[in-house]
Amino acid sequence: MEQREFEAMAKDIMERADMLCLGTRGKEPYPYLRALFNLRNKAQFPGLAGFFADKGLALYLGTNSSSLKMAQLGADAWVSLYYMIPGEFLGLCLSGRARSVPEARSELWVEGWERYYPAGPGDPDYSVLRVEPERARGWCGARPFDLALGAGTGLRALPRLAASSWRRS
């Protein structure tokens, strides 16, 4: 898959998926998954389309500073985000490290979020996270993909894990 083709496909999924799932790791041996607003969905959040116009594949999330996910990210910043469009057999999992970007709080504010953050974008319990993806896995129709992403390195296909090589511990 060429880089331009991948980026177009990834942005299309990200802009149309109704929601996303965020995976973090805690002290337990299993990941934590939760559903979050997909702020890139142009139909649900048309006012944010301009914000994302020049962000490439960078992911931005709004969340509560006091949440379990923020505590987990303080110990282990690695996350995976999964976007899907089930009826079209499209799925995109992007993985990378999350970091807090308080300077984006006003730009990534959505009218109505006062119910979650009464003090508005300056609410101390409102945080914005940015993830620069380092790996992309998923399905595009009948084609699976597993790609390393990196600044200046372009796309690099990764070998797929054979089902027979995976074992539970």
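Ground rules first: I call two strands paired if DSSP finds at least two bridges between them. Helices (H or I, at least four residues) and strands (E, at least two) are DSSP runs, numbered from the N terminus. The model is predicted, so I note that local features need pLDDT of at least 70 and side-chain atom pairs count only at pLDDT 80 or more, while totals for chains, interfaces and linings use all residues. Residues are numbered from 1 along each chain as its sequence is written, and side-chain values use heavy atoms, with hydrogens and water left out.

**Entry 1: strand 4 and its partners**

I looked up what stands opposite Tyr83 of strand 4, and found Leu20. Strand 1 and strand 4 run antiparallel, joined by four bridges. On to strand 5: it pairs with strand 4, also antiparallel, over eight bridges. Leu81 has Leu94 in strand 5 as its bridge partner. The hairpin of strand 4 and strand 5 has four residues between the strands, and Phe89 there takes a positive phi near 55°.

Next I checked the faces of strand 4. Val79, Leu81, Tyr83 and Ile85 make up the covered face, and Trp78, Ser80, Tyr82 and Met84 the uncovered one. I remembered the rule that in a regular strand the side chains alternate between the two faces of the sheet.

**Entry 2: the cores**

A nonpolar core here is a set of buried Ala, Val, Leu, Ile, Met, Phe, Trp, Tyr and Cys residues joined through side-chain atoms within 4.5 Å; buried means under 20% relative accessible area (1.4 Å probe, protein chains only). The largest core has 29 residues, and Leu81, Tyr83 and Leu94 are among those with the most contacts inside it. Among the elements giving two or more residues are helix 1 (3-16), strand 4 (78-85) and strand 5 (90-100). Helix 1 gives the most, five residues. I also found a second, separate core of 16 residues, including Leu39 and Trp109.

I then listed contacts (heavy atoms within 4.5 Å) for Leu94. Leaving aside neighbours within four places in sequence, its partners include Met14, Leu59, Leu81, Tyr83 and Leu149.

**Entry 3: left for next time**

Which residues of strand 4 would I revisit on the covered face? I would take Val79, Leu81, Tyr83 and Ile85.

Terms used. Buried < 20%, exposed > 50% of the residue type's maximum accessible area, 1.4 Å probe, protein only.
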